[in-house]
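Hi,

Here is the structure I said I would pass on.

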Amino acid sequence: MSILCIFLFLTTVVVSVQSLPNAELPAFREAPAFRNGRECPKKTWPSSFNNLNHHRHDPSIIHIAMTLDATYLRGSVAGVLSVLQHAACPEHIVFHFIATHRRADLRRTITSTFPYLTFHLYHFNTDLVRGKISSSIRRALDQPLNYARIYLADLLPFTVRRIIYFDSDLIVVDDVAKLWNINLGAHVLGAPEYCHVNFSYYFNSRFWSSPVYATSFTGRRACYFNTGVMVIDLRKWREGKYTEKLEYWMRVQKKNRIYELGSLPPFLLVFAGDVEGVEHRWNQHGLGGDNLEGLCRDLHPGPVSLLHWSGKGKPWLRLNSKRPCPLDSLWAPYDLYRHPTLFCDT
């Protein structure tokens with residue numbers, strides 16, 4: 001390969017990583033068509049599913065919400081592929097994608113990559129969080145789309161009664177129906193809980209020194225949970241006005257700065273101690289390391305149904321840089337990214 005070709009290839013990779021919001025979206029290979037097994041219920045709803053408000057609730061349909069943007073698109077595509085590949089009834093899965101910009105381009109990308117996928121794409125109005133977001137320890141946590149999970153009950157049709165929310169930096173290696181079918185009981189939200197974690201880490205001294213704020217957890221056994229994997233009862237969410245409760249803490253944070261970690265602390269303040277615990281296998285999180293350095297990490301002990309690269313280090317960026325962590329090899333088989341050619345005609 002000539003020196004010029006090498007330079008052009010490296011330049012393409014750098015530009016594609018750093019300037020995606022204003023450049024061409026990455027190209028992906030077409031995913032295989034995943035079909036239902038014989039044991040699946042008969043599919044009675046149309047594949048287009050364009051207007052969900054006109055369809056009756058069907059408990060056999062699994063609804064999954066994810067955000068879409070240029071920066072994390074490669075991760076989102078890998079996540080979708082992993083869900084479909086391991087599902088016993090992939091044709092009964094509907095994806096609900098949420099985006100702020102370039103919706104037409106994102107729709108074309110998803111349609112060309114997953115021609116058989118049933119999905120809906122929603123616009124997230126960033127005005128909803130304008131003036132409510134304060135800076136955090138990592139820039140990615142400050143993006144308006146990171147707060148879209150707070151508004152799922154408003155964005156999705158009322159016929160969608162339950163939703164699984166997935167971050168865009170994870171892969172599923174088990175049948176997602178097992179997660180979908182958990183019994184939430186009286187709870188609004190289900191997620192893996194980690195009660196051994198030092199809860200004080202997620203709030204600063206200003207929070208703990210305030211008698212008003214520090215007593216927020218009084219009377220409940222508050223445990224940490226990661227908001228990248230959640231099962232949510234949208235009917236109970238709407239009835240309990242939980243969007244408004246989360247927004248309240250965002251306004252408190254904007255005024256008094258009581259935490260440093262983006263959209264996570266409001267969820268802990270509102271829900272911790274009132275979460276339906278899910279098996280830890282459904283969120284092997286932290287594989288992206290911490291929020292500052294993103295160092296390599298190992299899996300937690302126990303079985304694995306979902307691997308989550310929460311933290312600064314993302315597998316596609318580490319693979320691009322030729323400095324992957326060992327566990328990034330588990331993400332790579334789901335990567336449909338079409339790499340620029342390594343060869344030139346000249």
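**Disulfides**

Cys195 and Cys223 are joined by a disulfide, with 1.9 Å from S to S. For the term itself, I count two cysteine sulfur atoms within 2.5 Å as a disulfide. The torsion about the S-S bond is 95° here, and the link of Cys195 and Cys223 is right-handed. It connects distant parts of the chain, 28 residues apart: Cys195 sits in the loop between strand S7 (193-194) and helix H6 (205-208), and Cys223 in the loop between helix H7 (211-214) and strand S8 (224-225). Helices (H or I, at least four residues) and strands (E, at least two) are DSSP runs, numbered from the N terminus. Cys223 is buried at 3% relative accessible area, while Cys195 is partly exposed at 35%. Buried stands for under 20% relative accessible area, exposed for over 50%, and partly exposed for what lies in between (1.4 Å probe, protein chains only).

Before I go on: this is a predicted model, where local features need pLDDT of at least 70 and side-chain atom pairs count only at pLDDT 80 or more, while totals for chains, interfaces and linings use all residues. Residues are numbered from 1 along each chain as its sequence is written, and side-chain values use heavy atoms, with hydrogens and water left out.

How many disulfides does the structure hold? There are three. Another one is Cys40 to Cys89, with the sulfur atoms 2.0 Å apart. The torsion about that S-S bond is about -100°, so this disulfide is left-handed. Cys40 lies in the loop between helix H1 (3-18) and S1, and Cys89 in the loop between H2 and S2, so the pair ties together parts that are 49 residues apart in sequence. Cys296 and Cys325 are also joined, at 1.9 Å from S to S, and with -85° about the bond that link is left-handed. Cys325 is buried at 7%, whereas Cys296 is partly exposed at 45%.

**The sheet and its helices**

Next, the open sheet: seven strands in the order S3-S2-S1-S4-S9-S6-S10, with mixed pairing. Two strands count as a pair if DSSP finds at least two bridges between them. At the edges are S3 (118-123) and S10 (276-277), each pairing on one side only. S6 (residues 189-191) and S9 (residues 229-233) pair in the antiparallel sense over two bridges, and Leu189 has Ile232 in S9 as its bridge partner.

Helix H2 (residues 73-86) lies across S1 (62-67), S2 (93-99) and S4 (162-166), running at about 170° to S2. Helix H3 (residues 103-113) packs on the sheet too, touching S2 and S3, and its direction makes about 165° with that of S3. Contact is heavy atoms within 4.5 Å; axes are lines fitted to C-alpha atoms, for helices over the stretch in contact, with angles from 0 to 180 degrees between N-to-C directions.

**Salt bridges**

The count comes to 12 salt bridges, each a side-chain nitrogen of Lys or Arg within 4 Å of a carboxyl oxygen of Asp or Glu. One of them is Arg149 with Asp167, the closest N and O atoms being 3.3 Å apart. Arg149 is buried at 4%, and Asp167 is buried at 13%. Asp127 and Arg130 form another, at 2.9 Å; here Arg130 is exposed at 57%. Finally, Arg102, Asp105 and Arg108 are linked in a network of salt bridges.

Cheers
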